Amino acid sequence: MEIRDDILDSITEAVFMVDKEFRIQFFNRSAELITGFNRQEVLGKFCRNVLESDFCQNECPVINALQSSRAVSCFDSNICCKNGQRKKIRLNASLVYEDKPDPVGSVITFREVECSSANASRAGRCQDFYGITGFSKKMTDIFDLILEIAHSDASVLIYGETGTGKELIANAIQATSLRKDKPFVKVNCSVLPSNLLASELFGHVKGAFTDAVKDRTGRFELAHQGTLFLDEVAEMPPQMQLQLLRVIQEGTFERVGESMTRHADVRIISATNLNLNKAIEDGQFREDLFYRLNVVPIKVPPLRERKEDIMFLIKHFLRKFTLAYKKEITEISDEALDNCLKYDWPGNVRELENAIEFAFIRTQAGEPISSSKLPPAVREKTVSCRQPSDKTKLNRMSQVELIALLEKHHWNKTKVASALGVNRTTVWRYLKELCIMSLLLCCNAA
């Protein structure tokens with residue numbers, strides 16, 4: 001079956017083609033974006049083994065089309081995406097003949113049901129993955145990885161600058177794991193001296209040291225059959241690193257002041273904001289421990305590398321502070337948003353949250369947050385945006401700025417075009433030039 005890949009890749013509906021044996025012969029870009037499957041992963045495979053839809057067993061639209069010799073339209077069902085998420089879809093199926101009396105296959109088009117409704121603008125919202133707000137590819141790649149390791153007890157080491165949300169990533173790993181119903185115990189390795197950290201992790205017996213007035217159960221025992229999160233693990237003293245290595249290798253330890261060996265079945269998730277390779281070179285961190293902890297590495301990007309998430313994070317924080325302060329503020333001005341997009345956020349998501357809370361407190365209920373209400377550091381380190389006109393203004397916009405503007409106007413392209421002083425077709429063209437195809441799928445037909 002011959003097909004123009006470039007044409008079908010340019011349309012906003014998901015399209016895939018199967019031969020008469022129901023093997024996938026084509027899978028367009030929009031289908032990849034909706035399902036999460038790469039084209040090369042699915043070509044030649046039976047469609048039912050890829051999408052695992054409810055209709056695969058008894059109401060296959062392709063079979064219905066073959067039996068009736070008519071196209072099937074507006075057929076509602078759901079599919080299973082690569083990350084395990086199920087999505088509601090509405091599909092159409094048509095037969096392909098290629099100048100032959102019998103069909104050689106079928107073409108199926110589909111889109112998410114939410115995106116085909118009058119409220120499709122809401123489908124362009126960011127993902128909320130176990131409390132983590134993220135729309136950018138770097139974050140959705142992390143979400144996919146977390147789901148991929150959900151059935152494993154392998155140790156995970158989370159890297160990232162201060163304020164990037166490493167603990168939230170650890171929470172998500174625990175929530176999707178086989179041990180999600182078991183204890184989840186957290187320890188910050190940087191706040192305790194060596195002797196107290198040993199007691200904290202392994203426990204102690206009465207009289208082991210001054211103030212040890214009774215036996216104490218350590219975090220490893222408390223986390224038995226569950227998960228232990230070691231935050232700032234690179235701050236752990238060398239002697240404690242050796243003891244931790246033994247627990248990981250053998251699953252055994254002793255309480256401080258006790259000779260009896262105890263056992264613990266614990267999965268380790270650790271996190272650090274330091275460069276562990278440099279720490280190993282400097283002799284500050286054991287290389288053998290590093291390899292035990294770093295089975296599954298996850299690097300959380302700083303906010304300056306995923307600025308397309310900023311608008312969604314701001315909306316999330318506005319909802320949070322509306323509840324906390326019992327004062328409704330739902331909007332941020334264009335100028336204030338521009339300040340936020342151009343600032344580098346050295347404190348990452350935590351700094352952004354603090355900045356929005358600061359502005360929220362200073363803003364009257366019902367009013368949008370203005371630039372003047374933001375912290376001085378955010379205002380002073382950004383340059384005012386020039387105001388070019390017509391198509392020049394649109395062409396100068398980055399993908400991040402355009403996504404933010406679309407979100408502000410609830411993904412209504414007509415309103416975005418009006419705000420930019422261009423026509424709606426120009427906005428549509430620029431969306432395609434920036435390859436924001438996943439957003440096109442979710443835009444209103446406004």
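This report visits a few spots in a predicted model.

## Around Phe 46

Let's start with Phe 46, which sits in the loop between helix H3 (39–42) and helix H4 (47–51).

Setting aside neighbours within four places in sequence, Phe 46 is in contact with Glu 21, Phe 22 and Arg 23. Val 18 is 28 residues away from Phe 46 along the chain, yet the C-alpha atoms of the two are separated by 8.3 Å.

## Where H13 meets H14

Next, find helix H13 (residues 310–325) and helix H14 (residues 334–342), which pack at an angle of about 120 degrees with their axes 10 Å apart. Because of that angle, H13 is oblique to H14. H13 passes H14 in a right-handed crossing.

Which residues make the contact? From H13 come Ile 310, Met 311 and Ile 314, while H14 supplies Leu 337, Cys 340 and Leu 341. Sorted by type, the residues of this contact are six nonpolar, no polar and no charged.

## Two residues with a positive phi

Most residues other than glycine have a negative phi. With that in mind, take a look at Trp 345, which is not a glycine but has a positive phi of about 50 degrees. Trp 345 is found in the loop between H14 and helix H15 (348–362). With 0% relative accessibility, Trp 345 counts as buried.

Asn 348 is not a glycine either, and its phi is positive at about 60 degrees. Asn 348 lies in helix H15. Its relative accessibility is 0%, so Asn 348 counts as buried.

How values were computed
Residues numbered from 1 in each chain as written. Predicted model: local features only at pLDDT ≥ 70, side-chain atom pairs only at ≥ 80, totals over all residues. Heavy atoms only, no water. Helix = DSSP H or I, 4+ residues; strand = E, 2+ residues; numbered from the N terminus. Contact = heavy atoms within 4.5 Å. Axes fitted to C-alpha atoms, helices over the stretch in contact; angles between N-to-C directions. Parallel < 35°, antiparallel > 145°, perpendicular 65-115°, else oblique. Left-handed = near helix turned anticlockwise from the far one by under 90°. Nonpolar A, V, L, I, M, F, W, Y, C, P; charged D, E, K, R; others polar. Buried < 20%, exposed > 50% of the residue type's maximum accessible area, 1.4 Å probe, protein only.
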